[in-house]
Amino acid sequence: MESKATIQKKITFREVYIFDMEILQDIFNKNSNVKAEDKMLFGIPFLLCEKDNKINSFASLLLDEKNEIIFQIYDDGSLSNEDRTIFNEYIENFLKKKRNANFNNAEQLRQSTEHFVHCLSF
């Protein structure tokens with residue numbers, strides 16, 4: 001009798017580092033046709049997801065139309081629905097623990113995002 005082995009691909013989460021920015025910009029650009037006024041949608045990336053040691057998605061802090069802090073997940077198209085759900089839960093738990101201004105002060109996040117996006121030179 002034949003048996004099929006199921007290989008589970010390892011998914012990990014970690015905070016974003018500056019050296020990740022080129023990959024994150026590529027993922028972001030694949031997700032949106034970025035116009036000059038949409039650069040702020042990149043937000044402040046804070047967590048990323050790796051599968052088999054390859055970054056496939058990231059979460060970014062943004063302001064919604066009500067000026068409330070939200071997060072957005074951007075992925076390269078390989079993030080499964082199951083992995084997205086797991087990543088989403090991880091993000092929500094992570095955010096509950098954060099106390100610094102970018103995570104809790106909308107004006108600070110707006111200013112940080114403007115500065116950050118400018119420095120990235122989209």
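The residue I have in mind is serine 57, which is found in strand S3. Is serine 57 buried or exposed, and which residues is serine 57 in contact with, leaving aside its neighbours within four places in sequence?

Reply: This is a predicted model, and every value below is computed from it. Serine 57 is buried: its relative accessible area is 0%, and the cut-off for buried is under 20%.

Leaving aside neighbours within four places in sequence, serine 57 is in contact with Ile27, Leu48, Cys49, Ile73, Tyr74, Asp75, Leu79 and Phe87. Its side chain also makes a polar contact of 3.2 Å with the side chain of asparagine 56. One of the listed contacts, aspartate 75, is the bridge partner of serine 57 in S4.

That bridge belongs to the pairing of S3 with S4, which run antiparallel and are joined by seven bridges. On the other pairing of S3, seven bridges connect it with S2, again in the antiparallel sense. Within that pairing, glutamate 50 has isoleucine 55 as its bridge partner in S3. S2 and S3 form a hairpin with two residues between the strands, and aspartate 52 takes a positive phi near 55° there.

S2 in turn pairs with S1; the two run antiparallel and five bridges join them. Arginine 14 has leucine 48 as its bridge partner in S2, and Leu48 is also among the contacts of serine 57. Seven of the eight residues of S2 are buried, so this strand is largely enclosed by the rest of the structure.

Put together, the four strands make an open sheet in the order S1-S2-S3-S4, with antiparallel pairing. Strand S1 (11-15) and S4 stand at the edges; each has a single partner strand, so one side of each is left without a neighbour in the sheet.

The buried residues in question are Ala106, Leu109, Ser112, Thr113, Phe116, Val117 and Leu120. Viewed down the axis of H4, they fall within an arc of 125°, so they line one face of the helix. The face turned away from this buried side carries the exposed residues His115 and His118.

The length of H4 can be checked. At 1.5 Å a residue, its 15 residues (106-120) should span 21 Å, and the end C-alpha atoms are 21 Å apart, which agrees. The N-terminal end of H4 is capped by asparagine 105, with a side-chain oxygen 3.0 Å from the backbone nitrogen of glutamate 107.

Serine 112 has its place in helix H4 and counts as buried at 16% relative accessibility. Leaving aside neighbours within four places in sequence, serine 112 is in contact with Ile44 and Asn102. With asparagine 102 there is a polar contact of 2.8 Å between the side chains.

Helix H3 also holds alanine 101. At 36% relative accessibility, alanine 101 counts as partly exposed. Alanine 101 and serine 112 are eleven residues apart along the chain, and their C-alpha atoms are separated by 9.7 Å.

For the chain as a whole, there are four helices and four strands, and along the sequence they follow the pattern β-α-β-β-β-α-α-α. Of the 122 residues, 34% are buried. Among contacts with a separation of 6 or more, 56% are between residues 24 or more positions apart.

To return to the residue you asked about: serine 57 is buried, is found in strand S3 and has aspartate 75 of S4 as its bridge partner.

How values were computed
Residues are numbered from 1 along each chain as its sequence is written. This is a predicted model: local features need pLDDT of at least 70, side-chain atom pairs count only at pLDDT 80 or more; totals for chains, interfaces and linings use all residues. Side-chain values use heavy atoms; hydrogens and water are left out. The expected span of a helix is 1.5 Å times one less than its number of residues. Buried means under 20% relative accessible area, exposed over 50%, partly exposed in between (1.4 Å probe, protein chains only). The arc is that of the directions from the helix axis to the C-beta atoms. A polar contact is a pair of N or O atoms within 3.5 Å; within protein, one must be able to donate a hydrogen and the other to accept it, and residues adjacent in sequence count only if both atoms are side-chain atoms. Contact means heavy atoms within 4.5 Å. Two strands pair if DSSP finds at least two bridges between them.
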